[in-house]
Amino acid sequence: VATVATAPAIDRIRWVHRIAIAGLLLSLLYKHRFFRSAARMYVEIPIADDFFPVFFQSAYTAIAIFISIVILCVINFFMDNRRWQIALSFGTLIGISLLCLHQATYNDATFTTMWWSSLWGLWLVWRRGIDSEQVLVEKAAFLSRVIVSMILFAGAVGKWTSEYWSGEVLHDIYFVDRNFWLFSEVRQRFTADAIREIATTYSRFVIVTETVAGVGLWCLPTRIAATTGIVILVSIALMSNFLLFSVMGCLLGILASGWFVTRRS
Amino acid sequence: MDSDVDRSDDQQRSADWGYRILLALVVAVSMWMIATPLIPKVAGTTMRRFHLNSSSFLTWAWQFPIPAMYNFANRYQIRRVPSSLVADGLLSEFAVTPTWRYANHFPTRVFTFGDGRYKVLRSGQSVWVDVESSYRGQTIRSEFELSPNGAGQGYRLIRVAPEDRSESR
């Protein structure tokens, strides 16, 4: 009797979960130097603003929540017990929700993308052991690309205005004085008029890319969607601001779930 | 065969409400985004969100899941003198008009966030910040006064003209 050697099956959900947590940690820790210096500013220069409840004005609140989230994610990365995973993921989601509302961190897109990723992560561990592995990975991949599509679409809609279409906004934010390899190179090589033209082309390319990806990414085949989404997100960071890897890290983590989907036999 | 087993097993398993809720949230945010260029009130709500000028903290807070990366044309300028001195004719507009710069989103970040807070407030003196957001012809402008609270006590934020300078053009 001939026997056929088969590769040992991997626990796909475990890997999907771990990669998603690694993405959250990338988002949290990628710009740790910035966060550390920012925390010092918040302690040294508090701003009393009645709009925010006192809890959401305290620098120490933000610092404590941030450190707690890092600890929860590190434990979650190594945790295999489903109940503990749910508890840790829930704690992470609560913490990120609070940072989205804090005076010091409300504007940081990192916490918005982390919020969606951590909500996705909580759903994933909740369904672990309820859905079959195949079904859960398929649903996880679909949800991840729906979330990323929505985030790209939101970015596009906000730019559907003349100031972006003309390139005026991105010219001022990026091309005038931003110290970044691409914009520094452009400033060295071209005249002011040419730079203004380049800014217009750059801005329109961003708007069209975000619009097309926002509308269409979610309906692509699973693996193609995951790969396309990852390429787009990495390109955005490489072509505009390396600190955006902090915003993108968690989205890259959930998109990777698409690579774990296998064809049903 | 296996897939048939999977499907029948899954049909017997509990309904995935988490999946449905997550999808519903994505759809709700997408609807909000689609409404943004169509309904001025929606864009206005987001602009007030960006200016920390929503009618209440709760009104502002429920919008936090809505992504806002590089949304709208947001500008700011930082002044060391109040605009009232210009209105009273004590200073020429030229003397108090610094450069307007664009910010990606939440233009109030220039004095609340990270190094921006340090750059704007390190002097320890009063600072006035004008913030303006535009989207498809609709513009909202806000003015903030940041006054020192005392040595080592940071600043107090005062909204000089939170709502009454809103306009549509």
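User: How many bridges join strand β1 of chain B to β3(B)?

Analyst: Seven bridges join β1(B), residues 73-79, to β3(B), and the two run antiparallel. Strands here are DSSP runs of E with at least two residues, helices are runs of H or I with at least four, and both are numbered from the N terminus. Two strands pair if DSSP finds at least two bridges between them. This is a predicted model, in which local features need pLDDT of at least 70, side-chain atom pairs count only at pLDDT 80 or more, and totals for chains, interfaces and linings use all residues. Residues are numbered from 1 along each chain as its sequence is written, chains are lettered from A and ligands numbered from 1 in the order written, and side-chain values use heavy atoms, without hydrogens and water.

User: Which residue in β3(B) is the bridge partner of R79(B)?

Analyst: R79(B) has W128(B) as its bridge partner.

User: And what about β4(B), how does β3(B) pair with that strand?

Analyst: Nine bridges link β3(B) with β4(B), residues 138-148, in the antiparallel sense.

User: Is D131(A) buried or exposed?

Analyst: D131(A) counts as buried because its relative accessibility is 8%, where buried means under 20% relative accessible area, exposed over 50% and partly exposed in between (1.4 Å probe, protein chains only).

User: Which side chains does it contact?

Analyst: The side chain of D131(A) makes polar contacts with those of R127(A), at 2.9 Å, and K139(A), at 2.8 Å. A polar contact is a pair of N or O atoms within 3.5 Å; within protein, one must be able to donate a hydrogen and the other to accept it, and residues adjacent in sequence count only if both atoms are side-chain atoms.
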